[in-house]
Amino acid sequence: MFNKELTQLLMPVAADLGLECLGVEYSPSHGNGLVRVYIDAPQRAVTVDDCEAVSRQVSATMDVNDPIPGRYTLEVSSPGLDRPLYTPEQFARFAGQAAKVEVNLAIAGRRRFQGPIRAVNGNTISLDQDGVEVQIAADNIHKAKLVPQYDEPAGKPGKHKQANKSK
């Protein structure tokens, strides 16, 4: 829940710079916690300059609002190929692509799911798990991310068998 509050606080900061705050992860720790802010840029890749600008503004916002007691490290990052998914809108944007989803409360005895995102209806994400549609409430999602699909390089299908050499 705290991550959602931090995201709400920091979304306008990224928006003021023409960027999108996808989500915030806070990992408390004895002595030094971690605040990781994921940003995205519309129609282009996120640059180091984007991360630096957001980091400066987020740092100032965090200093003024002081939402985290104690010390923490701030990281600002692009989402990468295995981008985290935080909202139903983000799931909808990647419909058809594979995602890994971990839930808080088990569904049919499972807490981890992986498969293509079928659809998003309101706050419910439909995922294809081994040919079976699974309905997952957005509020039940603990962690979710896309599963990158890597194309196999041409001329290298599967594992190569080593030829037997006899002398």
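# Close-up views of a predicted model

**Figure 1. Ser 126 and its side-chain partners.** A polar contact of 3.0 Å joins the side chain of Ser 126 to that of Glu 133. The side chain of Ser 126 also makes a polar contact with the side chain of Gln 135, at 3.0 Å. As in every view here, the coordinates come from a predicted model. Ser 126 belongs to strand 6, which covers residues 124-129. With a relative accessible area of 0%, Ser 126 is buried. When neighbours within four places in sequence are set aside, the residues in contact with Ser 126 are Pro 116, Ile 117, Arg 118, Ala 119, Glu 133, Val 134 and Gln 135. Ala 137 is eleven residues from Ser 126 along the chain, and the C-alpha atoms of the two are separated by 8.9 Å.

**Figure 2. The loop between strand 6 and strand 7, with Asp 130.** Asp 130 is located in the loop that runs between strand 6 and strand 7 (132-137). Its phi is positive, about 55°, although Asp 130 is not a glycine. Asp 130 counts as exposed because its relative accessibility of 66% is over the 50% cut-off. Ser 126, in strand 6, is by contrast buried at 0%.

**Figure 3. Gln 43, a second residue with positive phi.** Gln 43 is placed in the loop between strand 2 and helix 2 (48-65). Although Gln 43 is a residue other than glycine, its phi is positive, near 65°. The relative accessible area of Gln 43 is 83%, and the residue is exposed.

**Figure 4. The aromatic pair of Tyr 38 and Tyr 86.** The count of aromatic pairs comes to one. The ring centres of Tyr 38 and Tyr 86 are 6.4 Å apart and the ring planes stand at 40°, so the pair is tilted. Tyr 38 is in strand 2 (residues 33-40), whereas Tyr 86 is in the loop between strand 3 (72-77) and helix 3; the two residues are 48 apart, and the pair links distant parts of the chain. Tyr 86 counts as partly exposed because its relative accessibility of 28% falls between the cut-offs of 20% and 50%.

**Figure 5. Lining of the largest pocket.** The largest pocket has a volume of about 930 Å³. Its lining comprises 35 residues, and those nearest the pocket centre are Asn 3, Lys 4, Tyr 86, Ile 141 and His 142. Two or more lining residues come from each of helix 1 (2-16), strand 1 (20-27), helix 3 (88-93) and strand 8 (141-146). Strand 1 gives the most, with eight residues. By residue class, the lining holds 15 nonpolar, ten polar and ten charged residues. Tyr 86, listed among the residues nearest the centre, is also a member of the aromatic pair with Tyr 38.

Figure 6. Thr 7 is located in helix 1. The side chain of Thr 7 reaches the backbone nitrogen of Val 24 at 3.0 Å. Beyond its neighbours within four places in sequence, Thr 7 is in contact with Cys 21, Gly 23 and Val 24. Thr 7 counts as buried because its relative accessibility of 11% is under the 20% cut-off. Helix 1 and strand 1 both contribute to the lining of the largest pocket.

**Figure 7. The protein chain as a whole, for orientation.** Three helices and eight strands make up the secondary-structure elements of the protein chain. Along the sequence these elements follow the pattern α-β-β-α-β-α-β-β-β-β-β. The protein chain has 167 residues, of which 34% count as buried. Of the contacts between residues at least 6 apart in sequence, 52% join residues at least 24 apart.

Note on methods
Residues are numbered from 1 along each chain as its sequence is written. This is a predicted model: local features need pLDDT of at least 70, side-chain atom pairs count only at pLDDT 80 or more; totals for chains, interfaces and linings use all residues. Side-chain values use heavy atoms; hydrogens and water are left out. On a 1 Å grid over the protein atoms alone, a cavity is a set of points where a 1.4 Å probe fits but cannot get out, and a pocket is an open set with protein on both sides within 12 Å along at least five of seven lines; lining residues have an atom within 4 Å of a point. Grid points are joined across faces, edges and corners, and a volume is the space filled by probe spheres set on the points. Helices (H or I, at least four residues) and strands (E, at least two) are DSSP runs, numbered from the N terminus. Ala, Val, Leu, Ile, Met, Phe, Trp, Tyr, Cys and Pro count as nonpolar, Asp, Glu, Lys and Arg as charged, and the others, Gly among them, as polar. Buried means under 20% relative accessible area, exposed over 50%, partly exposed in between (1.4 Å probe, protein chains only). A polar contact is a pair of N or O atoms within 3.5 Å; within protein, one must be able to donate a hydrogen and the other to accept it, and residues adjacent in sequence count only if both atoms are side-chain atoms. Contact means heavy atoms within 4.5 Å. Rings of Phe, Tyr and Trp (its six-membered ring) pair if their centres lie within 6.5 Å; planes under 30 degrees apart count as stacked, over 60 as edge-to-face and the rest as tilted.
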